[in-house]
Amino acid sequence: RVVVGSDEVWNLSHPWYGGSALFFGAGLRTERLIAHAASFGNYDAAWGLESTWANWLGRFAAISVRDENSRNLIKTALGREPELVLDPCLQFPLQPESRWQGPRRPFVAVYGHNFSEAFARSVRRWAEERKLPLISLGYRNAWADSQWITADPEDFAHAMRRAEAVATNFFHGCVFALRYAQPFACESSAYRSTKIRDLMAAVGGGRHLVPQGAPASLYDDLLGSPLDARISENIERLRRCSDAYLDQALA
């Protein structure tokens, strides 16, 4: 068996590996191809799939995707109803092994880049009022108090778990905030809007997507209040469905 996924493995618009035939199963010698939590990223379902890609995907014995946009592409191209599953970072337990190397005092985690001035200003205002430093993980953001560019995956997971709140415009910023039930605010970007929107719709967290011109009170609420318990309930339900899909696909 060969499992392909997850992330944007089928994104034909991806600047680095868009259209990589390997992710569509080309050259893989196996009797059973499986896709798990695959995504077309910002490749819109309205654009459809050329027959070459559709034929490759038709070889998969089981397909699951992590967003509705990808689900619609598969349904239209193959006439099949793929399973909708969680990103593996939400589906499986995470147990970082390294010791915590970050700040000892409470902080706000910032993850992403190219934030709008309004979002940065509002998050900074909220953090300053509470005397919480802003720690930017993996990317440089001048409006943060410090830049932890060298944070490795385990540092990142530790930081997202320990943060008082999370400010992000990345899909996995939302995923890890949800993973650890952290208060968070997300500014959607053009490149990531589809997958972030679909994730939030699936777990019932749409209110965490901050619209342009949002008032200070919304930031106060999102960054300062616990997650709605129904979000965790939805994640647990989707986790069971994701586990059941893999059990069946790998059987």
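**Notebook: aromatic cluster and a helix pair**

I started with the rings: Trp10, Phe24, Phe40, Tyr43, Trp47, Trp53 and Phe60 form one aromatic cluster. I'm working on a predicted model, where local features need pLDDT of at least 70, side-chain atom pairs count only at pLDDT 80 or more, and totals for chains, interfaces and linings use all residues. Residues are numbered from 1 along each chain as its sequence is written, and side-chain values use heavy atoms, with hydrogens and water left out.

I found 18 aromatic pairs in the structure. Rings of Phe, Tyr and Trp (its six-membered ring) pair if their centres lie within 6.5 Å; planes under 30 degrees apart are stacked, over 60 edge-to-face, the rest tilted. I picked Trp10 and Phe40: their ring centres are 5.5 Å apart and their planes sit at 50°, so I noted the pair as tilted. Trp10 is in the loop between strands E1 (2-4) and E2 (33-38), Phe40 in the loop between E2 and helix H1 (51-57), 30 residues apart. (Helices, H or I of at least four residues, and strands, E of at least two, are DSSP runs numbered from the N terminus.)

Are these two buried or exposed? Trp10 is buried at 0% relative accessible area, and Phe40 is buried at 0% too. Buried means under 20%, exposed over 50%, partly exposed in between (1.4 Å probe, protein chains only).

Next I looked up which residues join H4 (117-129) to H8 (216-224). Ala118, Phe119, Ser122, Val123, Arg125 and Trp126 in H4 meet Ala216, Tyr219, Asp220, Leu223 and Gly224 in H8, contact meaning heavy atoms within 4.5 Å.

Key: Axes are lines fitted to C-alpha atoms, for helices over the stretch in contact, and angles run from 0 to 180 degrees between N-to-C directions.
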